[in-house]
Amino acid sequence: MNIGFRALAMSGASLCALWVAAQASPSFAAEADAADAPSAQASAAAGLSEVVVTAEKRSENLQKTPISISVLSTVDLENRHIESLTDLIAGGVPSLHVTPYAARPFNLILNIRGVGVMTDTNQPARDPGVGVYIDGVYLGRPQGLNAALYDLDSIEVLKGPQGTLFGRNTEGGALNITTKKPSGEFHLDVTSGVGNYGSYETKVHLDLPEYHNFSVKVDGIITARDGTVKNPLAGASDYGAYDRRGVRAQVQWRPTANFTANYSYDNSHDASTTLYANNVQAGTNKVAAITPILPHRVDTAPIGIPLQPSIGKQSGHALTLKWDVSPALTIKSISSYRELYQSQWQNSAAAAVFTPNAQFARYSLAEFVQSQYSEELQAIGETGRLKYVAGALVYHEHVEDMAQTFNSMQFNANGTAATVLPLGSNVTPVSIDIPILFSHAGIDRASRVSSDSYGLYGQATWTPPIFNDIVHLTGGLRWTDDRKDGQLYVINNAVPVDAYGKSGVLGFEKSWSRIDPMVNLAVDVTPDVEVYAKWGTGYKSGGANSRSLTYKAFNPEEISMSEIGAKTEFFEHRLRLDIAAYTGIYKNVQVDFSAPYYSYDANGNVITSASTTRTTTDTINAPGNGRVSGVETDFMLAPMEGLTLSGSYAYAYVHLPATINPFPTYVAGVGMVVTTTPTVIYQEYTPAHAVTAAIDYRTRLESVTLQAHLDGNWDSGSYGTDRDPSPTLKAIKSQPGLVFNGRIGLADIRVASGAKMAISLWSRNLFNEQHLYTRTISSTTGVSGIFNDPRTFGIEGNVKF
C-alpha cells in the first residue's frame, strides 16, 4: 500500500469516525446552535464586525489603533488553508514577505516594508529584523517558523518599526500571534482531511469544563504531504515533502474574578525536505545531459541524488499571570522557556558545471541548537484622560551551530550518467566540543553564541480636554541594553587565525545600549474616521558573522520612520478603508562581502586554484543612509448580506547606500587589490508592488450554510541577491505571479446529537499557475530558481460539539 493511499485510508477513517461520534454524542449546546445562524445573519446585516487587536498591549478596536496593521483572523487562515507561516509565501498580507532561505522551508526570511531582511538565517550571532511573538513570547530564531500553527485567534502584522513596545529586532515590524485560551466550557472541535500529493491532516481542539477554578485546553495537529517533485534515486526522499506534528496543552487557574494564571506547554516535530531548484537558462559552462535546462516546473527530477528530511524539534513552557488590581490597572507577567533543534540536509544538482568525471551535487548539512528564556512584566492602566502601559523585559539566548558540506555525485566521462558518492568527503574534521553529523567530513564552520537583552519601556496616550475629546497624543520611550559574546571554533575545517597570526578559537564580546522613542498624534475627524501621524524608531541587533575569518563584531542596523494614515468606515460600517504612507531613513545597514580565503605556496605567492570564498564572509555596516518609503491600503466592503469583498495593496521603495568592498582581491600579475568603486546594493525579497484581493460569500440554505471563498495574490517580483554578479551582468528579479486560492463548503450541518458538522473542498494555487519566486543569474552557470508550489487541493471535514 503506497503512502498516498495509506493517507487517504487513514483520513477517510477519521472522517467516518467524526460522523459516528457526532451521531452518538450527547447534546451539549443545542440551544446555542439554534441561535448561531440568526446571530450571524444579524451581524452581516449590521455591517462589518469589529476587529480587536492587541498591538498596544491592550485589547482595542483595529479602527481606533493609530498604526498600520493587517489582521488574518481564524476564518482568513481557514479559508486560505494556512497551516504554518510557510503558507504565507504565496501571499496574504502584501507588506509582509515570507521566503525560504536557500530552498529550506524550515528556515524563513521575513521582512515588512522591505525592512528587516536577514538573508543568512543560519547565523547564530545575527538576528532577524521582524519580531515574531506568540502570546507575548518572542521567538528568537527564524528556524522552526514553519511549524504547524495551533488554535489561533489571529495573526496581527504590525507594519513599521515597533521599537518602543516590542523592542529589539522589530525594525521592520512584528507578527503578533495570539492563540485561543481555555473557555471553562466543554468544546470539542475535530477536523480531518485528505488531498493530492498524499496529503492528510487531523486537528483536534479540546476544551474541558472548569473544575475547582481550573480549566484545561488541549490542541493537537498532524499534517503531512508527499513531495511535489519526485527524486528518482531509490531510497532518497522527494523534494518539498513535510510531516508536521504537534501538541499544546494549557491549564488556566482563576481563583478569583480578577486573577488568572495560564500555563502552556507545546511540543512539535517537523520533518521537511528541501525544495527543488531548476536550471532554467544555460550560462557559458557546459551542461550535462543528465542535468538539463528545464524552464518549467517538473514532476520528476531528471537525476536522482541523496536527500533526506531535515528534522526540526521545538518545545516550550509559558506562564502568564494577569491581575486586575482595579478597573483602571492590570498587572501582567509573561515568563517563558523554549528549546529548538534544527538539522539541515539540503542537496541540489542545479547549476552543476560539467567536466568529465567531476563531482557535483553539494550536500549541505548543518545543526542548529538554541535555548531561550524570557520574563516580561507589564502594567496596563488608565487614569482620567491618560491611558498607559509600562514594562520591563529580560531575555537570554544560547545558540550553537555547525555546518559540513561535500559533493554527493560524480559525472561519468561524457555527462550521460552519474554515480552516488559515499556520504562524506573522507576529510578528517577538526576536533571541537560541538556535536557533528559526519565524522569523516570537513567542518565548514562551527560557533557558539550567548545573547542577553534587558529593556524598560513606557507609552502613554493623553486625550486633552479640547475639541470634544477628538485629539489623542501618544508618546513612548524604550531603553534597551543588548550583550553578545561568541566563539568561532572552526572556519574552512581549520582553527581560525587571528590578526597576529595566532591560531585558536576566535571570540567577540560586545554590548550596545540605545533609546527608541515614538510619538503619535491621532484625531477623530468623525466617529468613523480617524487620521494620525506617527514617528518612531527600531533596530536589528548587532553581532558577528560565523562565516568570517576575523569574527569581528558589527553594529545594530536601525531605522527612523514617519507615517501618516487614515482609518475610515462608511455606509453604516459596510465599507472599511485604511490607508498609510511612510518614509524613513535606513542607517548602518548590515551588508555582507565575501572575503577571499587564499592559499599560498612556499614563496608566499597566491595559489589561485586553491583559493576560495566558500564560508568566508564578513558583515559590515554600510556607510551613509538608505531610504524606504511606500503606501499601503486595506479595504473591506459588505455590499449585501452574506457577501464580503476585501483587498490590500502595498508599494515599497527601498534604496540602500552603495558600499565599497573593504576586502582585497587577488589580481594575477598585480597582487592584492582593494577596489574603490562602490557596490550597488539591492534589498532582497522586496517586490515594489504587491496585491491581494478576496471574495467571501455566506448564505443560509434550508438546513445548512453555504460558504465560498476565493482570493488572488500577485507581486511584481523581487531580487534574490543583493548585488549584480559582475560589472557586465545585472541581477534579475523573481517572476511576477498571480496565484488564486479557493474554498467552498457546507457548514452548520446538524446531526442528531445537536453537534454541527462542516464539509469543505479547498485548493491552493487553484489554476496551477507557475512562476519562479526566487531566481538568480550567473554568467557561467546561467539562471536557476525555485518554482512556486503546484496546485494542491483536498477535502476536509469538521465536527464541533
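Modeller: Glutamate 572 counts as exposed, with a relative accessibility of 66%. As for the basis, this is a predicted model, in which local features need pLDDT of at least 70 and side-chain atom pairs count only at pLDDT 80 or more, while totals for chains, interfaces and linings use all residues. Residues are numbered from 1 along each chain as its sequence is written, and side-chain values use heavy atoms, with hydrogens and water left out.

Colleague: Why is glutamate 572 called exposed?

Modeller: Buried means under 20% relative accessible area, exposed over 50%, and partly exposed in between (1.4 Å probe, protein chains only). Glutamate 572 has 66%, so it counts as exposed.

Colleague: Is asparagine 169 buried or exposed, and how do you know?

Modeller: Asparagine 169 is at 0% relative accessibility and therefore counts as buried. Asparagine 169 also has a positive phi, of about 60 degrees, although it is not a glycine. Its place is the loop between strand 8 (152–159) and strand 9 (173–179).

Colleague: What makes lysine 484 and aspartate 127 a salt bridge?

Modeller: A salt bridge is a side-chain nitrogen of Lys or Arg within 4 Å of a carboxyl oxygen of Asp or Glu. The closest N and O atoms of lysine 484 and aspartate 127 are 2.5 Å apart, so the pair meets the definition. The two partners are 357 residues apart, lysine 484 being in strand 22 (residues 471–491) and aspartate 127 in the loop between strand 5 (104–112) and strand 6 (130–134). Lysine 484 is buried, with a relative accessible area of 3%, and aspartate 127 is buried, also with 3%.

Colleague: Why is strand 40 described as mostly covered?

Modeller: In strand 40 (residues 782–787), 6 of its 6 residues are buried.

Colleague: How do you know that strand 39 and strand 40 pair?

Modeller: Two strands pair if DSSP finds at least two bridges between them. Strand 39 (residues 772–778) and strand 40 have 6 bridges, in the antiparallel sense, so they count as paired. A hairpin joins strand 39 to strand 40 through 3 residues.

Methods: Helix = DSSP H or I, 4+ residues; strand = E, 2+ residues; numbered from the N terminus.
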